[in-house]
Amino acid sequence: MKEQEFNSFEDMPMTISVSQLAKALSISRTSAYQLTEEKDFPSIKIKGRTVIFRDELIKWKNRKLEEKKK
């Protein structure tokens with residue numbers, strides 16, 4: 001099954017997979033999995049599957065951008 005492509009974070013479904021995260025950030029799946037292991041990254045595991053909530057991802061991205069400005 002082909003995964004949907006999105007023009008913005010806001011166009012994504014409420015939850016996304018690690019593969020979708022990798023595509024959205026233009027990084028490898030390995031890097032996306034490593035990112036989900038970071039303490040402040042908004043992901044959870046449900047029965048072994050890593051899930052990222054879109055709204056929390058957007059908040060995380062905005063926090064990171066603000067931190068970079070400081």
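## Ground rules

Residues are numbered from 1 along each chain as its sequence is written, and side-chain values use heavy atoms, with hydrogens and water left out. In this predicted model, local features need pLDDT of at least 70 and side-chain atom pairs count only at pLDDT 80 or more, while totals for chains, interfaces and linings use all residues.

## Overall fold

The chain has three helices and three strands, and their order along the sequence is β-α-α-β-β-α. Both kinds of element are DSSP runs numbered from the N terminus: helices are H or I with at least four residues, and strands are E with at least two.

A box of roughly 40 × 25 × 20 Å, taken along the principal axes, holds the C-alpha atoms.

## Surface and charge

Buried residues make up 30% of the 70 in the chain. Here buried means under 20% relative accessible area, exposed means over 50%, and partly exposed is in between, with a 1.4 Å probe and protein chains only. The accessible surface comes to about 5,400 Å², and carbon and sulfur atoms account for 51% of that surface. These areas come from the Shrake-Rupley method with a 1.4 Å probe; for residues, only the protein chains shown count as cover.

There are 15 positive and 11 negative side chains, and the centres of the two sets lie 3 Å apart. Lys and Arg count as positive, Asp and Glu as negative, and His and the chain ends are not counted. Each charge is placed at NZ of Lys, CZ of Arg, CG of Asp or CD of Glu.

Helix α2 spans residues 29-36, and its buried residues are Ala32, Leu35 and Thr36. Viewed down the axis of α2, these fall within an arc of 100°, so they line one face of the helix; the arc is that of the directions from the helix axis to the C-beta atoms. Thr30 and Gln34 are exposed on the other side of α2. The cover over the buried residues of α2 includes α1 (18-25), β2 (43-46), β3 (49-53) and α3 (54-69).

In α1, the buried residues are Val18, Gln20, Leu21 and Ala22. Their cover includes β1 (15-16), α2, β3 and α3.

Most residues other than glycine have a negative phi. Serine 26 has a phi near 55°, a positive value, and sits in the loop between α1 and α2. With a relative accessible area of 68%, serine 26 is exposed. Lysine 47 also has a positive phi, about 50°, although it is not a glycine. Its place is the loop between β2 and β3, and at 87% relative accessibility lysine 47 counts as exposed.

Arginine 54 lies in helix α3 and is buried, with a relative accessible area of 16%. Leaving aside residues up to four places away in sequence, arginine 54 touches Phe9, Glu10, Met12, Pro13 and Met14.

Note on methods. Contact means heavy atoms within 4.5 Å.
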